[in-house]
Each structure stands twice: as C-alpha cells, then as structure tokens.
Amino acid sequence: MESNKRLKAMVCTAPFTLEWQPLSLPPLGPRDVLLHVAQTGICPSDVRVYVGKSSIKLPKILGHEAVAQVAAVGSEVASVKPGQWVVPDGIIKCGTCPACRKGRPNKCQRVRYASGAYGEATIVPETNVYPMRETTLLRAATFTEPLACVLRGERMLRITPGETVLVIGCGPIGLLHIQVAKRFGARVLAADLKRERLDKALSLGADVALDPQQPLHEAVRAETDGYGADAAVVAFGSSRLVEAAATALGYGGRLNIFAGVYPQDPVSIDPNLIHYNELVITGSADHTPIDYAEALNLIERGLVQVLPLVSDVVPLRELQRGFEIVQAQQGLKVIVEVNPELAR
Ligand SMILES: [Zn+2]
Ligand SMILES: [Zn+2]
C-alpha cells in the first residue's frame, strides 16, 4: 500500500451504523510502529458496542484481534523492521499507574487505545508489537488476543493434572478454554445447549460432552463419582449459569466468571455453599503482555488449535454481516479480511 492518505476504516458512528471513511492517524512518534492491518477477528465485545450495549463512546473504529505488517517505524525503534509480520496489542498501558505497578497492567488506570483494527492501518508503540515466526498462518495469529485472555482466566483456576474442569459455553472462547485446560492436564467436561458446539468441543479435546437436557449439577456429579468439578469456567454471559456452575463444584472448587453479563443481573449463591465447600470464585478480564506472548507461542507451536474455530471470513466492507453472524451465534469465529492484498 502506498500513501497514508488513501487509507480507510470502517467507523462505528452510532449504534447499528458503520461508515466507510478516510482514516487519519496521528504522526508516528520515535518509538511507534505504523502497521498495515491484514486480518482482524470479530470479538463479541465489538458487537456489543455496535448494538449499543456498551458505554464506549462513538464514533469509534473497533477491532482488536489483528494481524498486521510493519509499514514504517519511528527513529528509535530497534526490534522490528518494515515488512515484518506482527500481532499488535492495541491496548496501550502507561506502566506507571498503581495497577501497572501492582502487576495488573490489564487494568491500567491510564490506558490508551490504538486506532482499531477495522481500519487499514494503526499505530502502536514498539512494546505493543509481537513479531511472528515466518511459518505462522496470519489467520491463526488473529487468535492471540482472545487466547491471551483465556490463559489469564485459566491460570486463576490453578488447575493440577487429573482435575476435572467444567467449561460452560462452547463458543470460540469456551473452545480455547477447553484446549488450555487440557494442556494443564485436566479432564474436561463441556457444556452447551448446541449439539454442533459440543461436537466441536469433543473434536478439540473435551473428554465428555454433558447432556444439555440434564440439570448441570446432576450431569457433573454423574461424571465425577458424585464429587463435583474441581474448577469451572463460565464462558457465556449469564448469571444463571454462574449459579449453576457454583453448585456443580466439588469441595475446594474454583470458579472463573470469564464472560461479562449484560444487562446487569446479580447472581444469587448461598454463602454456605461457598463457606462449607471452601469455594473460590474469581473473575478475569483482558490480558497482560506475558499472556500475550504465551498465547502467540501456543498458537505458533500448534499447541492450541485455532483454525477449526473459524466459521466465516468476510471482507472489511461487509463488517456488518460479520457482526450479524456473531450476534446471531450462527457460526463460531468470524475473521475480517481488512486487506486481502496483504498476504504471504
Ligand atoms: Zn477480543
Ligand atoms: Zn497503567
């Protein structure tokens, strides 16, 4: 691609409104990297903004699950060169706020966001690009961001080999949880209402697909000699599922509330269940740079399968159709071809 002036982006200007507009980026700072975006995965959080169920201010260029090629680098950038393929992290942490200092940069209190990856280009600091290996497929690398979030959530469960982990919700995120839990040595029970999602879960390593007709805690007890699961992930935004997961846990069970719940809907869990059963209830959101690097490594070494999660590929100009597929839960992961000329 040639000059910056010709770059464009799909801008979310109001709920249910996407406009194809010229893209203007700030000047490149000495430590910044200009990236030409090739492909971007659609995250349900993008769709939440699009349908007006988010506090994020519009207009905005969304998209944060990108793979890109370095187009230009600032004068002080030493680690990447133009032409190199990278996975960008568009969340720019300050490094100095209390959250950053406490080792929670994912909760940075002075966070900035790079121009979104439903634009043909973006700028991020050098520290926010993760160079890819020569052999990594571009499409596979778009899963770095969601897998980084999943790794963070799985670590909170402190899984030890042989434990039984319940994964509720077998969409793209649940299917990543299943694979990471297997890597930690767990036996995985998969729960979803859709048969085709359960089949996909089994094909990606889940040990048991629970019968959606049976109450969850009964199905889990039947698979664990009456004990209950050692850990559970709720990868679908539902307070009822959080409650069901808590009752499906055994003594010392850990629960990760991985998905946000919209609209707000409080959970009701008997405190005696938490107290007497010594349950640990956690949440996780976003990712740290360590999660990001580890996620890309898992993808590049083929330790987590991501390509079977792709159900649809749409060109950037048809972003709305991609959002509708995700919203309707028709497929699994939808990938946006931001610039089909960028390939290797
Ligand atoms: Zn995402
Ligand atoms: Zn910070």
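Biologist: What makes Y251 count as exposed?

Modeller: This is a predicted model, by the way. Y251 has a relative accessibility of 54%, and exposed means over 50%, so Y251 counts as exposed.

Biologist: Why is Y227 called partly exposed?

Modeller: Y227 comes in at 38% relative accessibility. Buried needs under 20% and exposed needs over 50%, so 38% puts Y227 in between, as partly exposed.

Biologist: What makes the aromatic pair of Y227 and Y251 edge-to-face?

Modeller: Two numbers go into a call like that: a pair of aromatic rings is described by the distance of the centres and the angle of the planes. For Y227 and Y251 the centres are 5.8 Å apart, and the cut-off is within 6.5 Å.

Biologist: How many aromatic pairs does the structure hold?

Modeller: There are 5 of them. Another edge-to-face pair is F16 with Y50, at 5.4 Å centre to centre and 65 degrees between the planes. F16 sits in the loop between strand 1 and strand 2, and Y50 in helix 1, so the pair ties together parts that are 34 residues apart in sequence.

Biologist: On to the zinc ion (ligand 1): why is the arrangement of its 4 donor atoms called irregular?

Modeller: The donors are C43 (SG), H64 (NE2), E65 (OE) and E145 (OE), at 2.2 to 2.7 Å. Their angles run from 87 to 169 degrees. Tetrahedral would need all angles between 85 and 135 degrees, so 169 degrees rules that out. The arrangement ends up as irregular. C43 and E145 are 102 residues apart, and both are buried.

Biologist: And K93, why does that lysine count as buried?

Modeller: K93 has a relative accessible area of 19%, under the 20% cut-off, so K93 is buried. Its side chain makes a 2.7 Å polar contact with the side chain of D89 and reaches the backbone oxygen of I91 at 3.3 Å.

Notes: Residues are numbered from 1 along each chain as its sequence is written. Chains are lettered from A and ligands numbered from 1 in the order in which they are written. This is a predicted model: local features need pLDDT of at least 70, side-chain atom pairs count only at pLDDT 80 or more; totals for chains, interfaces and linings use all residues. Side-chain values use heavy atoms; hydrogens and water are left out. Rings of Phe, Tyr and Trp (its six-membered ring) pair if their centres lie within 6.5 Å; planes under 30 degrees apart count as stacked, over 60 as edge-to-face and the rest as tilted. Helices (H or I, at least four residues) and strands (E, at least two) are DSSP runs, numbered from the N terminus. Buried means under 20% relative accessible area, exposed over 50%, partly exposed in between (1.4 Å probe, protein chains only). Donors are N, O and S atoms within 2.8 Å of the metal (3.2 Å for Na, K and Ca); water is not among the atoms, so sites may look incomplete. Four donors count as tetrahedral if all angles lie between 85 and 135 degrees; four count as square planar and six as octahedral if opposite donors are over 155 degrees apart and all others between 65 and 115; anything else is irregular. A polar contact is a pair of N or O atoms within 3.5 Å; within protein, one must be able to donate a hydrogen and the other to accept it, and residues adjacent in sequence count only if both atoms are side-chain atoms.
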